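I set out to record, entry by entry, what I looked up in this structure. Each entry takes one topic.

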Amino acid sequence: MTETPLMKQYKDIKSDYKDSILFFRLGDFYEMFFEDAIKASKELGLTLTSRNKERDQNVPLAGVPYHSANSYIAKLVSKGYKVAICEQTEDPKAAKGIVKREVVKIITPGTIIDVDSLDSKSNNYLMSIKVTENKIGIAYIDITTGEFKVTEIDEDTEYMQLFSELNKIEPKEVLLTSSFYETIKDKIDDFVQKNDATISIVNKVRDSEKLLTDYFGIVSLESYGIKGKKSVIEAAAIALDYAMTMQLENDLTVEKIEFLNVSNYADINSIT
């Protein structure tokens with residue numbers, strides 16, 4: 001049986017967001033289909049129904065009202081899921097054929113901006129970690145406040161200083177390349193389990209320095225104190241690129257990078 005135009009549109013969009021639960025806008029509801037519907041019904045206590053039974057297509061379906069979607073999204077994100085928001089991008093009355101739809105943002109534990117869903121007493125940090133030339137670059141960003149901090153530490157065999165920073169910063173989402181994830185897999189899995197955080201596997205940004213200078217509208221990163229710090233620049237670019245990719249329809253409020261010299265703090269603490 002030939003699938004409906006709506007199901008074809010859904011599948012085309014979903015194919016680009018396989019790692020997310022797709023909230024697909026249909027009028028006053030966000031609908032979820034197939035595996036997304038099964039997951040959402042289980043996690044959110046929604047009724048699982050089916051669409052197009054009369055056409056011999058058993059398509060699992062679950063939905064939430066548009067006006068109350070934030071609470072459902074927040075619950076899914078708190079459980080570690082990514083949620084892709086797909087909106088109708090044209091007036092249904094003016095549409096010729098199927099209404100145009102596209103994903104306008106992706107919400108993850110580190111990029112949620114609904115402040116009512118967040119703990120007002122703590123930051124909601126998205127952290128990236130990048131190892132380059134025996135240095136570990138750490139960048140962490142809170143897109144609700146615009147805070148963007150970076151630091152650099154030495155790579156040690158047990159990664160003790162890295163996990164000291166992780167425990168201090170308490171990120172909600174950690175961005176890692178696949179190779180480094182495999183290197184610290186047992187320790188980082190233990191960390192995220194104990195801290196209700198999540199891990200997202202990412203690729204290195206092709207031209208990290210250009211991405212940062214273009215975003216901030218500057219000629220050099222020297223004013224931020226990170227010029228020549230390759231691991232820091234790469235970590236910062238990963239975090240910023242990820243945040244921009246997730247928040248497709250929203251401009252970030254990040255206006256500067258603050259470099260923290262952790263080694264100096266450690267030296268001072270050891271003296272005192």
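**Entry 1**

I looked up Phe 216 and found a relative accessible area of 13%, so Phe 216 is buried. Here buried means under 20% relative accessible area, exposed means over 50%, and partly exposed lies in between, with a 1.4 Å probe and protein chains only. The model is predicted: local features need pLDDT of at least 70, side-chain atom pairs count only at pLDDT 80 or more, and totals for chains, interfaces and linings use all residues. Residues are numbered from 1 along each chain as its sequence is written, and side-chain values use heavy atoms, with hydrogens and water left out.

**Entry 2: Aromatic pairs**

I searched the whole structure for aromatic pairs and noted 10. Rings of Phe, Tyr and Trp (its six-membered ring) pair if their centres lie within 6.5 Å; planes under 30 degrees apart are stacked, over 60 edge-to-face, and the rest tilted. For Tyr 159 and Phe 180, I noted ring centres 5.5 Å apart and planes at 75°, so this pair is edge-to-face. Tyr 159 lies in the loop between S9 and helix H4 (160–169), and Phe 180 in helix H5 (residues 178–183), so the pair ties together parts that are 21 residues apart in sequence. Both Tyr 159 and Phe 180 are buried. Tyr 215 is partly exposed, as its relative accessible area is 25%. I also recorded one aromatic cluster formed by Tyr 10, Phe 24, Phe 33 and Phe 34.

**Entry 3: Helix H7**

Which residues of helix H7 (residues 208–216) are buried? I listed Ser 208, Leu 211, Leu 212, Thr 213 and Phe 216. Helices (H or I, at least four residues) and strands (E, at least two) are DSSP runs, numbered from the N terminus. An α-helix has 3.6 residues a turn, so residues three or four places apart point the same way. The cover over the buried residues of H7 includes strand S9 (147–154) and helix H8 (230–246). Thr 213 counts as buried because its relative accessibility is 11%. Leaving aside residues up to four places away in sequence, Thr 213 touches Ile 218, Val 219 and Leu 221; a contact means heavy atoms within 4.5 Å. Just after H7, I found Gly 217 with a positive phi of about 65°.

**Entry 4: Thr 198**

I located Thr 198 in strand S11 (residues 198–201). Is Thr 198 buried or exposed? Thr 198 counts as buried, because its relative accessibility is 15%. Beyond residues up to four places away in sequence, Thr 198 touches Gly 80, Pro 109, Lys 172, Glu 173, Val 174 and Val 192. I also noted that the C-alpha atoms of Thr 198 and Ser 78 are separated by 9.4 Å, although these residues are 120 residues apart along the chain.

**Entry 5: Arg 25**

I found the charged end of Arg 25 over the ring of Tyr 66, 3.6 Å from its centre. Arg 25 also lies over the face of Tyr 30, at 5.7 Å from the ring centre. A charge sits over a ring if NZ of Lys or CZ of Arg is within 6 Å of the ring centre and within 35 degrees of the ring normal.

**Entry 6: The whole protein**

I counted nine helices and 12 strands in the protein. Of its 272 residues, 48% are buried.
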